[in-house]
Amino acid sequence: MNNLLEKDATHVWHPFTQMQTAEPPIPIVKGKDATLTDVNGKTYLDCNSSWWTILHGHGNNHIGNAIKDQFFELDHTVFAGVTHPKATEAAERIVNLLPEKFTKVFYSDNGSTSTEVALKMTFQYWHNQGRPKTKFLAIEGAYHGDTFGAMSVGQRDMFNAPFEALFFDVEYIPFPTESNFEAVLEIAEKLLKTEDIAGFIFEPLVQGASGMRMYDKSWLDQLIALAHKYQTITIADEVMTGFYRLGTLFAIDQLVNKPDIICMSKGVTGGVLPIGLTVTTDRIYDAFLSDEIAKGFLHGHSFTGNPLSCAAICASLDLLDQSKTKTKIKNICDWQLDYQSKLVDHPVLKSVRVTGTILAIEIKIDGSSSYFSSIRDIAYKYFIKNGLLIRPLGNVIFINPPYCITAEELAYTYDVIQSFLDTI
Ligand SMILES: *Cc1c(COP(=O)(O)O)cnc(C)c1O
């Protein structure tokens, strides 16, 4: 079976990877609950939930059965001019979990398409009314995906530098902190006042890819209020934060001011099948209603509304609704806070942050935190050796585990992290 690595090297091109220098990938052959197993039988705790997607653990029976049953009922169908029961059930259930003003779900394929759709909807919303606006507002350090629109509103860095000439105009406000918040508000208001900002897109409360950077809900509330004062469309990218990742069902549940559009993906299916949802209100939806076909939202994907993915959404929502799931989530939030309090004074740490089920540990390094700091590779290898699959973001080590992780598994994870920190 080491054949697997040979075949991989011969035919497969991996994401976010310099193929010339990368070490061979870990050949994973099995997943059950919070554990992944490689071809040699070595196990790894899936501490980052397989790229922040898996909610209920691997091989969940309820989700597996729902997908299997759906497969033999209806596996796939075109979604323009056609509908099916799981698409309508999933849309109804998602909308019912959100504040009242959310009424419509647009399906696409993944997180990047869910934000891409939100950006296109926002842009066309103004276009349809003969009031075109040319810019978006975003927060420094943002990550909204890897398609062109999503990259355009993300942090401009080495990851997307080759494409920068093709990006559209985006204004960035600094990442809000205790010391700069008043200034951030001022900068935002100045930009919004120009009335050329079509929409404001943000990762609510936690910026994921830039290092699990957490910010205060009252700041976001004020920024949303300001955007609404200038009629700017607000887009909450909940691709990472949704489905209790931050302790509440959605991050926006912690806000007083609600956005106009919410993007979902990653955990929406329990993390086992790809799909993207862009959820919006009648204010946006109605701006596309017209006798003219061209004013409709003429966007779609081959797998829009895929029945298997929609069945997985419904099954995952069944599980999220169970009190035992809520207890597990609450326990993880508590354990993370507990561990945070044990780490706060550790001499090698710059900060230890917790929001909901996410714990992020930032190691002190010379200069600013960067994805390519060598501590990342050392930590990654140390964790792998000790049976933890953790992909640090530069010098930020974080755990956002599947909700099925046990107290013992998390305690082991903390022990390994502790012993790693003590080696520095
Ligand atoms: C992962 C992520 C995306 C992109 O989702 P993909 O499914 O990887 O395309 C967008 N926004 C946020 C906040 C994310 O964490």
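**Notebook: loops, strands and overall form of a predicted model**

I began with Phe16, which is partly exposed, with a relative accessible area of 43%. The structure is a predicted model, and I read every entry below with that in mind. I located Phe16 in the loop between α1 (3-11) and β1 (28-32). I then looked up its backbone angle: phi of Phe16 is near 50°, a positive value in a residue other than glycine. Most residues other than glycine have a negative phi.

**Entry: Lys266**

I looked up a further residue with a positive phi. Lys266 has a phi near 35° and is likewise not a glycine. Lys266 lies in the loop between β11 and β12. Is Lys266 buried, partly exposed or exposed? I noted a relative accessible area of 24% for Lys266, so this residue counts as partly exposed; the cut-off for buried is under 20%.

Strand β11 covers residues 261-264, and I found both of its faces covered. Ile261 and Cys263 lie on one side, Ile262 and Met264 on the other, and all four are buried.

Which way does β10 run relative to β11? I recorded strand β10 (residues 233-237) as parallel to β11, joined to it by three bridges. Within this pair, Ile235 of the protein stands opposite Ile261 in β11.

I then checked strand β12 (residues 276-281), which pairs with β11 in the antiparallel sense over four bridges. Met264 has Leu277 in β12 as its bridge partner. Lys266 belongs to the loop that links these two strands.

**Entry: Gln254**

Gln254 sits in the loop between β10 and β11. Which residues does Gln254 touch, leaving aside those up to four places away in sequence? I listed Leu205, Lys217, Leu246 and Thr248. I also looked up the separation of Gln254 from Asp221: the two are 33 residues apart in sequence, and their C-alpha atoms are 9.3 Å apart in space.

**Entry: Phe288**

I moved on to Phe288, in the loop between α9 (282-286) and α10 (307-321).

For Leu298, I noted a C-alpha to C-alpha distance of 10.0 Å from Phe288, across 10 residues of sequence.

I examined strand β14 (residues 358-363) for burial and found six of its six residues buried. Ile358, Ala360 and Glu362 point one way from β14, while Leu359, Ile361 and Ile363 point the other way.

How many bridges join β13 to β14? I recorded six between strand β13 (residues 349-355) and β14, which run antiparallel. Val354 stands opposite Leu359 in β14. β13 and β14 form a hairpin with two residues between them. I looked up the turn as well, where Gly356 has a positive phi of about 60°.

I then turned to strand β15 (residues 396-399), which runs antiparallel to β14 and is joined to it by four bridges. Glu362, one of the buried residues of β14, has Val396 in β15 as its bridge partner.

**Entry: the whole protein**

I counted 13 helices and 15 strands in the protein. The radius of gyration is 22 Å, close to the 22 Å that the globule rule gives for 424 residues, so I recorded the protein as being as compact as a globular protein of that length. The C-alpha atoms fill a box of roughly 65 × 55 × 45 Å along the principal axes.

I noted that buried residues make up 52% of the 424 residues. The protein exposes about 19,500 Å², of which carbon and sulfur atoms supply 55%. Among contacts between residues at least 6 apart in sequence, 70% join residues at least 24 apart.

Finally, I looked up the charges. There are 36 positive and 49 negative side chains, and I found the centres of the two sets 1 Å apart.

Technical notes: Residues numbered from 1 in each chain as written. Predicted model: local features only at pLDDT ≥ 70, side-chain atom pairs only at ≥ 80, totals over all residues. Heavy atoms only, no water. Rg over C-alpha atoms; globule rule 2.2 N^0.38 Å. Buried < 20%, exposed > 50% of the residue type's maximum accessible area, 1.4 Å probe, protein only. Contact = heavy atoms within 4.5 Å. Areas by Shrake-Rupley, 256 points an atom, 1.4 Å probe, with all protein chains shown as cover. Lys, Arg positive; Asp, Glu negative; His and termini not counted. Charge placed at Lys NZ, Arg CZ, Asp CG, Glu CD. Pairing = 2+ DSSP bridges.
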